Amino acid sequence: MVDRPDVALDDLYREVVMDHHRRPRGRAPLARVDATAHGFNPVCGDEVVISLALDGDRVTGAQVQGRGCAICTASGSMMAEMIPGHTAAEAEATAAAFRAVMHGAPAPGGTDLGDLEALEGVQKFAVRVKCAMLPWVTLTDALKAWRDGGNEATSTTEAQEAER
Amino acid sequence: MAGTASPVVALDPRALRARFPILRRQVHGHPLVYLDNAATTQKPDTVLAALASYYTTSNANVHRGVHTLAEEATALYERCRSRVAAFVNAPDARGVVIVRNATEAINLVARSWGATLGDGDEVLLSEMEHHSNLVPWIMLARERGVALRHVPITADGRLDMAALAALLSPRTRVVSLTAMSNVLGTINPIAEIAAAAHRVGAVMVVDGAQSVPHMPVDFQSLGADFLAFSAHKMYGPTGIGFLVARPELLEAMEPVSGGGEMIREVRLDFASWNDIPHKFEAGTPNIADAAAFPAALDLLEATGMPAVRAHERELVGYALERLRALGWLQLHGPLDADARGGLVSFVDPEIHPHDLAQVLDTRGIAVRAGHHCAQPLMRRLDVAATARASFGIYNDRDDVDALVDGLVAARAYFGLAGESHG
């Protein structure tokens with residue numbers, strides 16, 4: 001029989017976190033991809049690719065690929081479950097709220113972090129905060145690229161449609 | 001050389017351990033098991049005392065002062081240089097440039113020797129290099145149009161020597177390779193490669209960051225032109241490292257950093273350079289750490305580098321055997337302990353190295369998890385990261401056993417089967 005390691009580990013790897021780690025959600029490919037971004041953690045070499053389907057400014061589907069630790073995988077899995085059905089702005093607000101929590105601040109009033117609350121313990125392990133943030137930083141990048149490039153392309157298409 | 005070698009007296013890791021105060025501390029309620037020696041080693045009591053003694057009794061600036069303290073500080077600083085020269089059998093202490101670390105030493109070669117290169121010239125590196133022996137050359141390639149070539153590695157993590165021979169040509173101006181991989185542990189046949197490099201007219205740069213601390217290294221018999229290493233990986237202080245070079249090469253090179261100390265004469269619009277090695281040491285150097293480092297060399301010399309190598313060879317052989325017996329780990333690098341230094345990189349296919357290192361940390365075991373500053377090698381091995389245990393003179397079989405128990409415990413923690421097959 002093996003000794004149970006230090007209980008502090010359980011602050012990091014809570015039940016909900018382990019569940020997302022073992023059975024990550026959002027791995028299936030999307031029928032169409034409107035925004036995508038590749039995130040990389042230079043400290044550890046972990047990689048995440050976020051793909052999003054959007055209908056107007058509403059996220060209709062999310063795929064999370066890549067290779068990362070349990071914390072990174074769980075965080076990405078929670079994201080894939082949480083953001084479909086929400087607007088881009090709402091997804092960005094969740095990313096900002098989660099970042100605040102990871103840096104020891106309280107979540108802004110009214111934000112529901114859902115399963116992400118189980119990652120609260122990560123803040124006690126400074127090096128691991130980046131693991132939890134990687135999918136969310138990548139999501140923010142994907143949405144920014146979509147706004148900068150995608151929005152313009154969409155509006156051009158709409159303008160062309162209007163002229164017909 | 002073999003004929004003159006005295007018999008190797010085995011080192012006593014327990015006795016050595018007592019010399020390192022930090023190894024008495026606890027981590028998360030467990031005695032510290034320090035297995036991250038390839039990143040940095042711990043410091044013995046004599047190095048700590050020498051650091052304190054320098055600041056307590058002899059602190060002054062070097063090379064420019066007639067007062068007693070300045071004279072003492074200069075003597076201590078220069079003593080470090082001659083001790084380092086003797087330790088690696090450099091032809092001349094004038095060929096030892098004191099820098100911050102091995103990285104800075106390689107950058108100095110790439111910038112200064114590299115300035116003589118141009119379009120059509122090639123620098124030969126390998127797939128197993130640390131970023132410190134990749135990025136300075138990438139910078140050179142961007143600036144000067146030099147082409148970079150890379151020796152591939154074989155399936156068991158050795159340099160592909162046939163490919164190396166095919167890559168060498170009269171266009172090859174520099175061959176820069178690690179003597180011991182910080183990820184695979186592979187010990188490369190540097191003397192053979194240096195001879196081949198010289199046949200095509202190239203200079204041989206050796207990244208000795210991992211080899212110099214862990215095995216006998218003889219600059220002259222290796223046939224090296226440049227050798228880079230860091231004090232902090234050999235029981236010395238951080239912030240000091242060395243570029244050992246053939247003095248005639250340094251004579252022909254331009255300094256890369258200008259300022260005090262490195263000059264002979266300065267007018268408002270003109271400067272001439274000091275003699276080697278001083279022309280490469282602009283500004284006040286790291287005097288305190290230079291004063292303290294010989295205490296680390298004392299320890300290594302008293303122990304004997306053949307004994308250090310024999311100890312770590314035995315330990316890595318034991319570690320390979322126990323880790324293989326677990327049955328679920330992927331081990332990277334040669335499985336033959338004779339071909340590798342005292343470190344093992346491994347991956348549990350079910351547990352990310354970060355999570356593994358986190359579990360081990362709660363048991364007081366310090367290993368490294370990540371890409372080990374070798375991202376191209378990680379890509380070649382098709383892993384995002386590995387965990388790495390690396391040994392020093394104070395480690396013993398108990399430390400390997402603690403690691404193995406920790407790896408089994410991690411499996412249990414993550415709800416995975418972890419029955420030992422051995």
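**Strands, rings and chains**

Mentor: Start in chain A, where A:Thr36 stands opposite A:Ser51 of β2(A). Keep in mind that this is a predicted model, where local features need pLDDT of at least 70 and side-chain atom pairs pLDDT 80 or more, while totals for chains, interfaces and linings use all residues. Residues count from 1 along each chain as its sequence is written, chains are lettered from A and ligands numbered from 1 in the order written, and side-chain values use heavy atoms, without hydrogens or water.

Trainee: What makes β1(A) and strand β2 (residues 46-55) of chain A a pair?

Mentor: DSSP has to find at least two bridges between two strands. Here seven bridges join them, and the strands run antiparallel, so they qualify. Their hairpin has four residues between the strands, and A:Gly45 there takes a positive phi near 85 degrees.

Trainee: Which residues of strand β1 (residues 35-41) of chain A are on its covered face?

Mentor: A:Ala35, A:Ala37, A:Gly39 and A:Asn41. The uncovered face holds A:Thr36, A:His38 and A:Phe40. Side chains in a regular strand alternate between the two faces of the sheet.

Trainee: What is the order of elements in chain A?

Mentor: It goes α-α-β-β-β-α-α-α from the N terminus, which comes to five helices and three strands.

Trainee: Now the rings. How many aromatic pairs are there over all chains?

Mentor: There are 11.

Trainee: Why is the pair of A:Tyr13 and B:Tyr413 called edge-to-face?

Mentor: Their centres are 5.9 Å apart and their planes 65 degrees.

Trainee: Then what makes the pair of A:Phe98 and A:Trp136 tilted?

Mentor: The planes are 55 degrees apart, with 5.9 Å between the centres. A:Phe98 sits in helix α4 (residues 88-102) of chain A and A:Trp136 in helix α5 (residues 129-163) of chain A, so the pair ties together parts 38 residues apart in sequence.

Trainee: How do you know whether A:Phe98 is buried or exposed?

Mentor: Buried means under 20% relative accessible area, exposed over 50%, partly exposed in between (1.4 Å probe, protein chains only). A:Phe98 has 0%, so it's buried. A:Trp136, also at 0%, is buried too.

Trainee: What puts the charged end of B:Arg397 over the ring of B:Tyr318?

Mentor: The rule wants NZ of Lys or CZ of Arg within 6 Å of the ring centre and within 35 degrees of the ring normal. The charged end of B:Arg397 is 4.1 Å from the centre and sits over the ring.

Trainee: How do you know chain B agrees with a compact globule?

Mentor: The rule is 2.2 Å times the number of residues to the power 0.38, with the radius of gyration taken over C-alpha atoms. For 422 residues that gives near 22 Å, and chain B has 22 Å, so they agree. In chain B, 58% of the residues count as buried.

Definitions and conventions
Rings of Phe, Tyr and Trp (its six-membered ring) pair if their centres lie within 6.5 Å; planes under 30 degrees apart count as stacked, over 60 as edge-to-face and the rest as tilted. Helices (H or I, at least four residues) and strands (E, at least two) are DSSP runs, numbered from the N terminus.
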